Each structure stands twice: as structure tokens, then as C-alpha cells.
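Below is a short note for a colleague who is opening this structure for the first time. Please read the numbered points with the model in view.

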Amino acid sequence: MKSIVLYFSRIGQNYSGGSIVNLTIGNTAVVAEYIRDIVGADLFEIDPVNDYPVDYYECTDVAKDELRANARPAVRKMPGDLLEYDTVFVGGPIWWGTYPMPMFTVLEKIDWSGKTVMPFSTHEGSGLGNVERDMKKLCVGADVKPGLAIYGSNAGNAKLDVENWIKNNLK
């Protein structure tokens with residue numbers, strides 16, 4: 001079984017445990033790296049052409065505007081076809097109930113036929129939001145497994161949760 005992690009993560013100001021903190025490594029990147037280490041997956045970071053503001057509140061405003069517009073922001077690089085991969089882990093923060101819009105830019109262009117999809121999120125209270133529903137709509141032909149939601153403020157301590165999720169859903 002060959003796996004890849006497609007993820008979006010953001011550094012800079014983030015909401016964490018009731019306050020704003022500055023992250024030098026995004027929470028979702030931490031979880032993506034756990035997955036890489038556990039299953040030997042390749043990593044592909046979704047990188048928008050236009051960076052989001054470092055300021056947390058400015059970033060949430062931009063994210064809300066993109067969601068309302070159903071935008072598909074340009075990304076620097078696409079992952080190409082995923083023919084060599086059986087399992088695709090897809091992760092990002094929950095912004096306004098779902099993944100950030102640059103993820104949709106990428107996810108809509110993939111042929112999901114025959115893939116196993118493992119969605120995960122980092123959040124500060126919204127869990128998976130609408131991610132599982134969105135992934136089932138996007139990933140036509142894939143077996144979308146139950147998702148994993150990790151509190152971003154706990155990402156650095158979540159490796160066991162990630163291991164258990166993988167063990168329970170990839171058989």
C-alpha cells in the first residue's frame with residue numbers, strides 16, 4: 001500500500017486554547033508528519049499562490065470571503081495524478097465549517113477512482129465540520145473513511161490518536 005498526505009497548513013497567528021498564539025509550524029503540518037512517520041506516506045503541501053495574512057483576524061476575514069464566493073484560489077503546484085497511491089490522507093484546518101478553499105482547488109482535479117481517502121482536520125472546537133460530507137461529494141469513486149479531528153492546540157501530543165485512527169480505519 002502506497003500513501004500520500006495532501007494537506008494545507010498555516011503558520012503565523014492561530015487561535016489556540018482561548019488565545020492567539022504564533023505558530024512557526026502549522027498544526028495540520030504536525031499531524032501530516034505523524035502520518036508520514038506512521039505509514040511511510042509521501043507529503044504534498046497545498047500552497048496557495050497568495051499567502052494568507054499572518055494576522056489571525058485578517059486571515060479569518062479572507063477565508064470567510066473565499067468561502068462565501070465559493071472561490072478556488074490558485075495554488076503554486078498541483079500533485080499530479082495519484083495513480084501510484086492506494087491511500088490518500090487529506091488534511092487541513094477547519095475554516096468556517098470546512099477545509100480552506102485552496103484545498104478544493106486541488107481536490108476537485110483528482111481522479112479518486114479506487115482510492116481510500118482518510119480525511120483529517122485540526123480545529124479549536126468545530127471538529128470535522130462538514131469535511132466528511134464535502135469529501136464524499138468531491139471524492140467520487142473513493143472509499144472515504146471516517147475522519148479524525150484533532151484540537152490544534154493538542155496537535156503536538158496527538159500521535160497516539162493518529163496511530164489509533166489509522167489502525168482502526170486502514171485494514
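1. In this predicted model, D47 and R76 form a salt bridge in which the closest N and O atoms are 3.0 Å apart. Because D47 lies in the loop between β4 (42-45) and α2 (56-68), while R76 lies in the loop between α2 and β5, the pair ties together parts that are 29 residues apart in sequence. D47 counts as partly exposed at 31% relative accessibility, and R76 is likewise partly exposed, at 47%. The pair also belongs to a network of salt bridges that links D47, D51 and R76.

2. Another brings together the side chains of K145 and D143 at 3.1 Å, N to O, where K145 counts as partly exposed at 23% and D143 as partly exposed at 37%.

3. Which residues of β6 are buried on each of its faces? On one side these are T116, M118, F120 and T122, and on the other V117, P119, S121 and H123, so that both faces are covered.

4. The pairing partners of β6 deserve a careful look. Strand β5 (residues 87-93) pairs with β6 in the parallel sense over 7 bridges, and V88 stands opposite V117 in β6. Between these two strands the chain passes through helix α3 (residues 101-107), and this β-α-β crossover from β5 to β6 is right-handed. Strand β7 (residues 143-144) runs parallel to β6 and is joined to β6 by 2 bridges, with V144 as the bridge partner of V117. Strand β8 (residues 148-151) also pairs with β6 in the parallel sense, over 4 bridges, and there F120 stands opposite L148.

5. Finally, N169 lies in helix α5 (residues 159-169) and counts as buried because its relative accessibility is 15%, against a cut-off of under 20%. A polar atom of the N169 side chain lies 2.9 Å from the backbone oxygen of W165. Leaving aside neighbours within four places in sequence, N169 is in contact with M118, K145 and P146.

Terms used:
Residues numbered from 1 in each chain as written. Predicted model: local features only at pLDDT ≥ 70, side-chain atom pairs only at ≥ 80, totals over all residues. Heavy atoms only, no water. Buried < 20%, exposed > 50% of the residue type's maximum accessible area, 1.4 Å probe, protein only. Pairing = 2+ DSSP bridges. Right-handed = clockwise from strand over helix to strand, strands pointing away. Polar contact = N/O pair within 3.5 Å; in protein donor to acceptor, adjacent residues only side chain to side chain. Contact = heavy atoms within 4.5 Å. Salt bridge = Lys/Arg side-chain N within 4 Å of Asp/Glu carboxyl O.
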